[in-house]
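I set out to go through this structure entry by entry, writing down what I looked up and what came back.

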Amino acid sequence: MSILWIAISELPEELKDGREVLLWDGDSADVCTWTVRNWDGEQSWIDTGVGGPITDVTHYCEINAPCEQ
């Protein structure tokens with residue numbers, strides 16, 4: 001099974017609700033969440049494995065399983 005990468009410009013705002021999203025930054029894929037990073041309200045993608053910000057994101061893939069009917 002291959003990953004269906006979608007341009008980050010097409011990412012729907014609904015995916016910035018704290019759920020994990022797989023992001024590609026040109027070199028590697030990281031599981032990340034959209035979060036408020038600091039006291040001034042700045043928001044960014046954070047790598048959930050190491051807690052650091054992710055920059056230069058080019059593509060994403062939603063990784064949550066669809067709900068069963």
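**Lys16 and its partner.** I looked up Lys16 and found that it is partly exposed, with a relative accessible area of 25%, where buried means under 20%, exposed over 50% and partly exposed in between, computed with a 1.4 Å probe on protein chains only. Lys16 forms a salt bridge with Glu13, their closest N and O atoms lying 3.7 Å apart; I took a salt bridge to be a side-chain nitrogen of Lys or Arg within 4 Å of a carboxyl oxygen of Asp or Glu. Glu13 counts as exposed, at 55% relative accessibility.

**Source of the values.** I note that this is a predicted model, in which local features need pLDDT of at least 70 and side-chain atom pairs count only at pLDDT 80 or more, while totals for chains, interfaces and linings use all residues. Residues are numbered from 1 along each chain as its sequence is written, and side-chain values use heavy atoms, with hydrogens and water left out.

**Other salt bridges.** The count by this rule comes to 3 salt bridges. Which residues are linked in a network of salt bridges? I found Asp17, Arg19 and Glu62 in it: Arg19 is bridged to Asp17 with the closest N and O atoms 2.8 Å apart, and Glu62 is bridged to Arg19 with the closest N and O atoms 3.4 Å apart. This last pair links distant parts of the chain, since Glu62 is in strand E6 and Arg19 in the loop between E1 and E2, 43 residues apart. Both ends are partly exposed, Arg19 with a relative accessible area of 27% and Glu62 at 40% relative accessibility.

**The sheet.** I then traced the strands, which are DSSP runs (E, at least two residues) numbered from the N terminus, and I counted two strands as paired if DSSP finds at least two bridges between them. In the order E1-E6-E2-E3-E4-E5, 6 strands form an open sheet with antiparallel pairing. Its edge strands are E1 (6-7) and E5 (53-54), each of which pairs on one side only.

**E2 and its two neighbours.** E2 (residues 21-24) is joined to E3 (residues 29-36) by 4 bridges, and E2 also pairs with E6 over 4 bridges, in the antiparallel sense. Leu22 stands opposite Val31 in E3 and opposite Cys61 in E6. E2 and E3 form a hairpin with 4 residues between them, and Gly26 in the turn has a positive phi of about 100°.

**E4 and Asp47.** E4 (residues 43-47) runs antiparallel to E5 and is joined to it by 2 bridges, with Pro53 in E5 as the bridge partner of Ile46. Leaving aside neighbours within four places in sequence, Asp47 is in contact (heavy atoms within 4.5 Å) with Asp30, Val31, Cys32, Gly52 and Ile54.

**Asp56.** I lastly looked up Asp56, which is in the loop between E5 and E6 (59-62). Asp56 has a positive phi of about 60° although it is not a glycine; most residues other than glycine have a negative phi. Asp56 is exposed, with a relative accessible area of 61%.
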